[in-house]
2 protein chains.
Amino acid sequence: MDLPSKILQEAVEQLATLPGVGKRSALRYALHLMKEDEQKVRDMSEAILHLKTELHHCRYCHNVSDTEVCPICSSEKRQKGIVCVVENVQDVMAIENTQQYRGLYHVLGGVISPIDGIGVHDLEIASLLRRIETGDPAPVEEVVLALPTTMEGDTTNFYLNRQLQPLGVRVTTLARGVAVGDSLEYTDEITLGRSILHRIPFEG
Amino acid sequence: MDLPSKILQEAVEQLATLPGVGKRSALRYALHLMKEDEQKVRDMSEAILHLKTELHHCRYCHNVSDTEVCPICSSEKRQKGIVCVVENVQDVMAIENTQQYRGLYHVLGGVISPIDGIGVHDLEIASLLRRIETGDPAPVEEVVLALPTTMEGDTTNFYLNRQLQPLGVRVTTLARGVAVGDSLEYTDEITLGRSILHRIPFEG
């Protein structure tokens, strides 16, 4: 794309680095911003910068937070003995949206993936183990592994389970099965198989 | 959406003001930026701000430009007697991409649209007329109206034509017809009608 201005070109190239945004969309965004009020554009520019300069992570669960300890970890209403281990911040939001979980979280920041060069020390695994060993902020009785069912997720689950067993906590994982509303006919074999193996008492 | 941080929330709300970007995409962008290097995010933040603070418009054609007079208006290779009137910067790029037009441009910055409160004085119409009256930067022989074929575009064409006729310039407009590669069967009646009315000599 041949743009009439280096400044426009630079903005387009920067915006095109956002996930799923191509040059054409980036140009649309840039031309839109050009027409906005200066204050509006200044606000956006600052809001983006603040993501790096102002945003903190909770010292316990490593979820994003404006405070040193996040609202979930500091809430009196949560069951502090249960810690749900998730890959990223989106997963915390997804589980919170269900309104079914009242324990705490631990955000790993990824999963073990040798192919991407992500090892144990790139993730918040040491801090998870320390949390259980020291009982800070609260003694942990159960760790719920809620990592993705990919090879990397399974590897991480396996590694964590081996590290957690000696610490005397109960290790559980999410139930996998046929999604609510899905028909059996179109469910993949592995999922359907697990649904049958881990069948639960009928609640009439 | 309930976000764990006001700073994240603010960034998501700002990004969601981009055209065609919803809260979900905005969150994806924000979480992506959170993981980027600080310098990278700083560069993007600045590039966005520069769209407002650094970007100029050519004093003649009002296209975006890093210089007072844009490369097209200052080029020695262009036919300066022909001015193509377009709605916006994207239209200049679209015509330039055809590599078929060697004249200059005039970017109106919109079209007359009473329903959106856009009148003659919100557009670069006075500067177009002045350009023709004064012959600055060059005497104009022909004005090509290349505005969209909407009610607003037609209104603007009509208004411009009435203003331009007394100035003694030739006023032309884009040929409308069946697009190259389109079948007649699926072409709308108005377009096909115009294609027949304005048929041209066959070049064998």
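Copies are superposed by least squares on the C-alpha atoms of residues with pLDDT of at least 70 in both. This matters here, as the model is predicted.

**Two chains, one axis**

Chain A can be laid on chain B by a rotation of 180°, with 0.0 Å of shift along the axis. The RMSD of that superposition is 0.1 Å. This is the relation of a two-fold axis. The same surface serves both copies: 100% of the contact residues of chain A recur in chain B. Which residue of chain A comes closest to the rotation axis? It is A:Ser45, whose C-alpha lies at 2.3 Å.

**The fold of chain A**

Chain A has eight helices and six strands. Along the sequence, their order is α-α-α-β-β-α-β-α-β-α-β-α-β-α. The chain is more spread out than a compact globule, because its radius of gyration of 22 Å is well over the 17 Å that the globule rule gives for 204 residues.

Some values for chain A:

| Property of chain A | Value |
|---|---|
| Box filled by C-alpha atoms, along the principal axes | roughly 65 × 45 × 40 Å |
| Residues that count as buried, of 204 | 29% |
| Contacts joining residues at least 24 apart, among those between residues at least 6 apart in sequence | 45% |

**The nonpolar core**

The largest nonpolar core has 93 residues. Which of them touch the most other members? They are A:Ala30, A:Ile48 and A:Val85, together with B:Ala30, B:Ile48 and B:Val85.

Notes
Residues numbered from 1 in each chain as written. Chains lettered and ligands numbered in written order. Predicted model: local features only at pLDDT ≥ 70, side-chain atom pairs only at ≥ 80, totals over all residues. Contact = placed C-beta atoms within 7 Å. Core = buried A, V, L, I, M, F, W, Y, C linked by C-beta atoms within 7 Å. Buried ≥ 20, exposed ≤ 12 C-beta atoms within 10 Å, placed from the backbone. Helix = DSSP H or I, 4+ residues; strand = E, 2+ residues; numbered from the N terminus. Rg over C-alpha atoms; globule rule 2.2 N^0.38 Å.
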